[in-house]
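Biologist: I would like to learn how to read the packing and the pockets of a model. Can we go through one case by case?

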Amino acid sequence: MTNALGAEDSSVRLQAALAVGSNPDPAFLGTLVERCAVEPDFFVRDMLSWALTRLPPEITLPRVRQELDSERPRARSQALHTLSKIGDKSTWAWITRDMLRDADDEVARTAWRVAVVLVPEGEKKELAADLVLQLGRGDRDVQLSLSRALVDLGDVVKPSLEGASESSDPAVAAHARATELLRQNPETGFDAALAEAKRVVALGPDRAAAAAAASAGTGTAAEAEGADC
């Protein structure tokens, strides 16, 4: 089974992880954790984490915690992902500010997601204040992950987003405004929200509102003209 978990064919590795999880055995704990740190396939990594959740948490959590300090980004990221799957609220104390600001985007994205899952109600405001410090970071996918994490925290993020929306950094200000748009209307697509936020930041709130009103007025006039015809 250990050989199968390290096989060249990803489908073999996936089946092996499924088999280990279906028949949980603490003897495989170390192997599963080590494979998480090096497994290149997303679906196999997810199955490895699932297999770890099938083991008793009292033996799994201490071993997974060791990986949070690993020099390998994938080991840190997958350890965080496994914590989210186990969902033990006591592990909230293991999520540090350094993890939320990790230089590796994948580690940071996973830390944001896990933090939102584990954070106690009374510490959501402080978490929101930490997360907004990452606004404007990375590419679209990274920014989308951060916006989702902030939105999932609920109304407590509003003051932090309002402050960030006045940032002198246009990327930060736009990302904050886009996140607030998503918070107010979850059905809004991220790309549309970000485009609107960038427009407001570029023009300024007053000019953007005036331009929107003028555009709406032109549309109304055109509709009326069409009705007269």
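Biologist: Leaving aside neighbours within four places in sequence, which residues is Leu135 in contact with?

Modeller: This is a predicted model, in which local features need pLDDT of at least 70, side-chain atom pairs count only at pLDDT 80 or more, and totals for chains, interfaces and linings use all residues. Residues are numbered from 1 along each chain as its sequence is written, and side-chain values use heavy atoms, with hydrogens and water left out. Contact means heavy atoms within 4.5 Å. Leu135 is in contact with Leu146, Leu150, Leu161, Ala164, Val172, His175, Ala176 and Thr179, leaving aside its neighbours within four places in sequence.

Biologist: Is Thr179 buried or exposed?

Modeller: Buried means under 20% relative accessible area, exposed over 50%, and partly exposed in between (1.4 Å probe, protein chains only). Thr179 counts as buried because its relative accessibility is 1%. Thr179 sits in helix 12; helices are DSSP runs (H or I, at least four residues), numbered from the N terminus. Not counting residues up to four places away in sequence, Thr179 touches Leu135, Ser147, Leu150, Val151 and Leu161.

Biologist: Which residues touch the most other members of the largest nonpolar core?

Modeller: A nonpolar core is a set of buried Ala, Val, Leu, Ile, Met, Phe, Trp, Tyr and Cys residues joined through side-chain atoms within 4.5 Å. The largest one has 35 residues, and Ile95, Leu131 and Leu135 touch the most other members. Helix 8 gives this core its largest share, eight residues. Apart from this core lies another, of 14 residues, including Cys36 and Val44.

Biologist: What is the volume of the largest pocket?

Modeller: On a 1 Å grid over the protein atoms alone, a pocket is an open set of points where a 1.4 Å probe fits, with protein on both sides within 12 Å along at least five of seven lines; lining residues have an atom within 4 Å of a point. Points are joined across faces, edges and corners, and the volume is the space filled by probe spheres set on them. Here the largest pocket has a volume of about 260 Å³. Its lining includes Phe42, Arg45, Asp104 and Arg113, and helix 6 supplies the largest share of that lining, five residues.

Biologist: How many aromatic pairs does the count come to?

Modeller: Rings of Phe, Tyr and Trp (its six-membered ring) pair if their centres lie within 6.5 Å; planes under 30 degrees apart count as stacked, over 60 as edge-to-face and the rest as tilted. The count comes to one aromatic pair. Phe42 and Phe43 form an edge-to-face pair, 5.3 Å centre to centre with 80° between the planes.

Terms used
Helices (H or I, at least four residues) and strands (E, at least two) are DSSP runs, numbered from the N terminus.
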